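Please open the model in your viewer and keep the selection panel at hand.

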Amino acid sequence: MGEVTGAARPIAIAVDGGGSKTDAVALELDGTIAATARAGTSSPHLIGMDASARLVDDLIERLLEQTGPRPLANAGIYLSGLDLPAEVTAFRAGIAGYAWADAVVDNDLFALLRAGTSEPDAVAVVCGTGINCVGVRADGEVVRYPSLGMTSGDWGGGWHLGEQALWHAARAVDGRGPATLLSAAVPVVFALPDVQAVIEAIHFGRVPNADLARIAPSVFACAQDGDPVAVGLVDRQAEEIVAFAATTLRRLSLLERPVPVVLGGGIVGSRDARLLDRVESRLAERAPLARIELVTAAPILGAALLALEGAGADAAALEIARAGLAVRPAAVVH
C-alpha cells in the first residue's frame, strides 16, 4: 500500500471481517468518520492467509485514497478465522511487509464484544455463518474457542443450520426420517424442483457448498409454521448459544456476577422470537445474573471504538464514532 506517514492529521483505521463481508473505516481522532470501504469475506479459513492480508491492504488503500496520505495513530484488524493463537501469529507474519504491520490483530469477536459493552467482565457469542464465543475478565483472563465447526465441538450458525435442514429434508424424502416442511422449502431456496436436485447441484458444484447458509431463513420460517423438525433445529441453536455463554462465564468464575452477554451475528440478528425467547429463558436458568446485550449495529462499530481507544481518543470522540456507526445495521438472516 502507499505511504501513510506525513505531517497531516493522524487517523485511526479499523477493519472488521466476517464470513460474508469485510468493513473498513478511517476515523479522525475526534470520532468523525473520514472514509469507509467494504469487500467480501476476509476469513483466512475461506480464502487463505495471503489473500486475507491482500484484501485488508486493498481496503486500507481505498480508505487512504479517500482521505489522502495520513499518518496512522492506530489500526485494528479484527477478522473471522483468526481463532487460534497460531492463526494470529501466521497472519502477523504474512503482513510483515505492509505499512500497517504494527496494527492490533485479533478475532472479530472482540469487535462484537466492544460494540456491545465496555465492561471489563463480559462474554460475546456470535451466531452468523458460524458460531463462536469469547469471554474476558478484568484481570486480563481470556477464554476463547477454536471455532472449527464440528471438529472442535461446535454446532450451529447459518451454514450448519442449512446443512442440517437439507439432511432432514433428504431423509424425509427417501423415508428414513419424519416428514418435514423443509422438504418443500429447501428446493425453493435454490429455485430447483426437489430435494434430489439440490443434492446433485451441491455434489456437482453447481451450487457452492457455502450456499447452504441460504437455507437458514427457511428453517426459521418452517419453525414458525410449527414444523417439529425445524422447531428442533431452532431450539438446538438456542441451546448451543446458551452453552457457549454459560460455559464461558463458568470458566471465568463469573456465574455469580451481573455480567453482560453480548449477542450478535446474522442468525441472532434475525430476531426470531422463538430463538431469542429460548436463549433468554435458558440463560436465566444457567446464569441468573447475566444480562443479554443484543447488538444490532454492524460490528465495525466495535472495531472502530477499539481503534480510537488505542489511539488515545477521549470519551467524546467515542460517542461521536458510535453515533456515526450505530446506524449501520448488522447483517441479518431474513
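Domain bounds here come from an automatic or database domain assignment. This is a predicted model, in which local features need pLDDT of at least 70 and side-chain atom pairs count only at pLDDT 80 or more, while totals for chains, interfaces and linings use all residues. Residues are numbered from 1 along each chain as its sequence is written, and side-chain values use heavy atoms, with hydrogens and water left out.

Select 11-102 as domain 1 and 119-295 as domain 2; the C-alpha centres of domain 1 and domain 2 are 27 Å apart.

Next, display the interface, where 5 residues of domain 1 are in contact (heavy atoms within 4.5 Å) with 7 residues of domain 2. Domain 1 and domain 2 bury about 430 Å² between them, 50% of it on carbon and sulfur atoms, buried area being the accessible area (1.4 Å probe) that two parts lose on being put together, summed over both. Now pick His45, Asp83 and Leu84 in domain 1, which lose the most area to domain 2 and together make up 72% of what that side buries.

Finally, select threonine 41, which sits in the loop between strand E3 (33-40) and helix H1 (44-47); helices (H or I, at least four residues) and strands (E, at least two) are DSSP runs, numbered from the N terminus. Is threonine 41 buried or exposed? Threonine 41 counts as buried because its relative accessibility is 17%, where buried means under 20% relative accessible area, exposed over 50% and partly exposed in between (1.4 Å probe, protein chains only). A polar atom of the threonine 41 side chain lies 3.0 Å from the backbone oxygen of glycine 18.

Conventions:
A polar contact is a pair of N or O atoms within 3.5 Å; within protein, one must be able to donate a hydrogen and the other to accept it, and residues adjacent in sequence count only if both atoms are side-chain atoms.
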